[in-house]
Amino acid sequence: QTFGDYTVFYNVFHSTDVPAKIAEAHKLVRGRDRALLNISLVKNENGKTSLGLPVSVAGNTRNLMQQQQPLKFIEITEGDATYYLAPFVFNNEEVLHFTVQLTPQDAKPMNITFNRTLYTE
């Protein structure tokens, strides 16, 4: 999703897709009913795209019963790139509504919302 010079990349994936050693290094719990939201913010400036930038990020999930689950983001830095992972628990065939706010140091807050249906493996 694009906001002026910024682009937010996001995806949701099962925690079991993360290799055990990497999950252990970042203190991530793997399981059939656990997933991760991955968020990265890049800036397009003068024809060049930055790697993932440091940003303040907060959000939550909401199910069809309107039950909310706060997302606690873990900052991951690899070289010059920064991205954020938020682990969460879900039920099989659950539709979750995600609301996330990203606030870069030099820009206004950016809000993204999206839905995902999740299935246990």
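The model is predicted.

In general, the strands of a sheet pair through backbone hydrogen bonds, either parallel or antiparallel. Here, strand β9 (residues 94-103) pairs with β10 in the antiparallel sense over nine bridges. Phenylalanine 98 has its bridge partner in β10, namely phenylalanine 114.

Attention may now turn to strand β2, which covers residues 6-14. Threonine 7 has its place in this strand. Threonine 7 counts as buried because its relative accessibility is 11%, which falls under the 20% limit for that term. Its side chain makes a polar contact, at 3.3 Å, with the side chain of asparagine 44. When neighbours within four places in sequence are left aside, threonine 7 is in contact with Gln1, Thr2, Ser40, Leu41, Val42 and Asn44.

Histidine 14 also lies in strand β2. With a relative accessible area of 18%, histidine 14 is buried. A polar atom of the histidine 14 side chain lies 3.0 Å from the backbone oxygen of tyrosine 119.

Strand β3 comprises residues 34-45, and asparagine 38 is found within it. Apart from neighbours within four places in sequence, asparagine 38 is in contact with several residues, including Phe9, Tyr10, Asn11 and Phe13. Leucine 64 is 26 residues from asparagine 38 along the chain, and the C-alpha atoms of the two are separated by 22 Å.

Two loop residues remain to be described. Most residues other than glycine have a negative phi. Lysine 27, although not a glycine, has a positive phi of about 60°. Lysine 27 lies in the loop between α1 (20-25) and β3. Its relative accessibility is 72%, so lysine 27 counts as exposed, the limit for that term being over 50%.

Glutamine 66 is likewise not a glycine, and has a positive phi of about 70°. Its place is in the loop between β5 (56-62) and β6. Glutamine 66 is partly exposed, with a relative accessible area of 47%.

Methods
Residues are numbered from 1 along each chain as its sequence is written. This is a predicted model: local features need pLDDT of at least 70, side-chain atom pairs count only at pLDDT 80 or more; totals for chains, interfaces and linings use all residues. Side-chain values use heavy atoms; hydrogens and water are left out. Helices (H or I, at least four residues) and strands (E, at least two) are DSSP runs, numbered from the N terminus. Buried means under 20% relative accessible area, exposed over 50%, partly exposed in between (1.4 Å probe, protein chains only). A polar contact is a pair of N or O atoms within 3.5 Å; within protein, one must be able to donate a hydrogen and the other to accept it, and residues adjacent in sequence count only if both atoms are side-chain atoms. Contact means heavy atoms within 4.5 Å. Two strands pair if DSSP finds at least two bridges between them.
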